Amino acid sequence: MLATFDWCSVCGLPFKGTDRWQVAPGDDWKNRAPDVGLVFNEAPAHEICLVYAAR
Ligand SMILES: [Zn+2]
């Protein structure tokens with residue numbers, strides 16, 4: 001639903017041309033799962049929504 005309608009995964013509002021942000025794992029994650037590589041399994045969100053979610 002999020003991808004189909006281009007909605008933010010945190011607030012559910014549309015992006016309307018604003019940037020989409022995703023959280024990437026840090027270097028410590030690469031050491032724990034060296035064969036997996038960099039994987040994004042979170043839907044994108046607004047920048048302010050990710051900051052809010054991190055707090
Ligand atoms: Zn949002």
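Biologist: Is K16 buried or exposed, going by its C-beta neighbours inside 10 Å?

Modeller: Count the neighbours, then apply the cut-off. K16 has 6 C-beta neighbours inside 10 Å, so K16 counts as exposed. Keep in mind that this is a predicted model.

Biologist: Where is K16 found?

Modeller: K16 sits in the loop between α1 and α2. Its backbone deserves a look too. Phi of K16 is near 50°, a positive value in a residue other than glycine.

Biologist: Which value does phi of D6 take?

Modeller: Phi of D6 is near 60°. That is again a positive value in a residue other than glycine. D6 belongs to the loop between α1 (2–5) and α2 (27–32).

Biologist: Is D6 buried or exposed?

Modeller: Use the cut-off again. D6 has 12 of them within 10 Å, so D6 is exposed.

Biologist: What separates the C-alpha atoms of G12 and A45?

Modeller: Take the pair the same way. G12 and A45 are 33 residues apart along the chain. Their C-alpha atoms are separated by 8.7 Å. G12 is in the loop between α1 and α2. With 12 other C-beta atoms within 10 Å, G12 is exposed.

Biologist: How many residues apart in sequence are D19 and P44?

Modeller: D19 and P44 are 25 residues apart in sequence, and 9.2 Å apart in space, C-alpha to C-alpha. D19 lies in the loop between α1 and α2. D19 has 8 C-beta neighbours inside 10 Å, so D19 counts as exposed.

Biologist: What does the secondary structure of the protein chain come to?

Modeller: List the elements in order. The chain has three helices and zero strands. Along the sequence, the pattern is α-α-α. Buried residues make up 5% of the 55 residues.

Biologist: Which element has the lowest mean pLDDT?

Modeller: Check the chain, then each element. The chain averages a pLDDT of 84, and 76% of the residues score at least 70. Among the elements, α2 has the lowest mean, 68. Helix α3 (residues 47–54) has the highest, 93.

How values were computed. Residues are numbered from 1 along each chain as its sequence is written. This is a predicted model: local features need pLDDT of at least 70, side-chain atom pairs count only at pLDDT 80 or more; totals for chains, interfaces and linings use all residues. Helices (H or I, at least four residues) and strands (E, at least two) are DSSP runs, numbered from the N terminus. A residue is buried if 20 or more other C-beta atoms lie within 10 Å of its own, exposed if 12 or fewer, and partly exposed in between; C-beta atoms are placed from the backbone. pLDDT is the predictor's confidence in each residue, from 0 to 100.
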